[in-house]
Amino acid sequence: MPAILTSRFLFGPGPSNCYPEATAALAYPVIGHLDPVFIERLDRTCAGLRTVWGTANARTLPLSATGSGGMEAAFVNTVSNGDVAVVAVNGLFGERMCEVARRCGATVVRVDHEWGQPVDAERVLAAHPNPKVIAAVHAETSVGVLSDIAALGAGKGDALLIADAVTSIGGLELLADEWGIDVGYAGTQKCLGVPPGLSPFTVSERAFERRIKDPRSWYLDIGLLGGYVGAASGARTYHHTAPVTMIAGLEAALDRILAEGLGAVQARHRAAGTALQAGLQEMGLELFAAEGARLPSLTTVRVPDGVDSAAVRSYLLEHFSMEIGSGVREFTDTVWRIGMMGPNAAPASVTLVLGALKEALAHA
Ligand SMILES: *Cc1c(COP(=O)(O)O)cnc(C)c1O
């Protein structure tokens, strides 16, 4: 028998600890993907996703893919052969968008930002006179930065706006329709408090009309996926076998979030992030992300000079069963990333992380 790992406090960039309602639902009996009970579950899940996305889009569904699969779906349905994609890059996931868009055949206009800074909407909007798409990450998990998607939506003109909401959905304010998001993708394992494996995805009517009609991906073709959830016409067509267990987990988490109240859940995330950031500064640590653009759900903090980042992370894991994340790329050894997501976004988590980190810094 392989060893069963002890449970962890997951304060990394993801997955977060899951809502107990979500993990309980993973143990529901496995039922058929065409069972009326499951069809109702999928309908309720899509409805709940509309609420957390802030959208009325008929084509809002849990893609059977991780967040990166959602990113692929966003680009493969909107760009091909020489279509111009303006991509804001202020971290790892913006970079990944460029690569995905390139592979879809797009001509990528990359607008780079210093890591730690939010997306500069003016610069992004001025980068090309008439792009097919403009893309940006709402909450850049690699650097702990929140960007203003509404400003891009207001100035997008004819372009379609693609937004990555993986680390904001279910935890931070997200208003897809109001902000002008045409194609949005997310993930379940961050603020939604569900294990990884699904990508909440939404497509506006405008984007659907202007989609690539014969995209290079069959599986991620939004034209076919609309039938999978019975969007628009209500007629369902077999597309692939729905991951019934994962969708039960997502439905339960959405119920849990909406029962608490989306506004209350967002306030809880904001309060936890703000308290953590204040506590770290009180300890004399320096935050990495620019002031005014700090992500509540994921805090980046500089490793103090002379401190061995990996030793501190190992100490936390060994003594507190607690995971925090390292930095990304050139910041691997100089930045920590601490998540306050889903059920972790709570005052007790802040106390626990700050106390554990103090001890680790003294002993590691
Ligand atoms: C985690 C993350 C992704 C990728 O999601 P996976 O589920 O790991 O494929 C994409 N974008 C952002 C901002 C993320 O934080």
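A disulfide is counted where a pair of cysteine sulfur atoms lies within 2.5 Å. The close-up views below are taken from a predicted model.

**View 1. Cysteines C98 and C104.** By the 2.5 Å rule, the count of disulfides comes to 0. The cysteine sulfur closest to that of C98 belongs to C104, and it lies 12 Å away, too far for a bond. C104 is likewise in no disulfide, its nearest cysteine sulfur being that of C98. C98 is buried, with a relative accessibility of 9%. C104 is also buried, at a relative accessible area of 5%.

**View 2. Burial of strand β10.** Strand β10 spans residues 199-203. Because 5 of its 5 residues are buried, the strand is largely enclosed by the rest of the structure. Burial extends to both faces of β10: S199, F201 and V203 lie on one side, and P200 and T202 lie on the other.

**View 3. Strand partners of β10.** Strand β2, residues 59-63, runs antiparallel to β10 and is joined to it by 5 bridges. Within this pairing, P62 has P200 of β10 as its bridge partner. Strand β9, residues 183-185, also pairs with β10 in the antiparallel sense, over 3 bridges. Here the bridge partner of Y185 is F201 of β10.

**View 4. The annotated residue R337.** An unreviewed UniProt entry places the feature "binding site" at R337. This residue is found in strand β13, which covers residues 335-339. R337 has a relative accessible area of 10% and is therefore classed as buried, the cut-off being under 20%.

Terms used
Residues are numbered from 1 along each chain as its sequence is written. This is a predicted model: local features need pLDDT of at least 70, side-chain atom pairs count only at pLDDT 80 or more; totals for chains, interfaces and linings use all residues. Side-chain values use heavy atoms; hydrogens and water are left out. UniProt positions are given in the numbering used here, feature names are shortened, and annotations may be inferred rather than shown by experiment. Helices (H or I, at least four residues) and strands (E, at least two) are DSSP runs, numbered from the N terminus. Buried means under 20% relative accessible area, exposed over 50%, partly exposed in between (1.4 Å probe, protein chains only). Two strands pair if DSSP finds at least two bridges between them.
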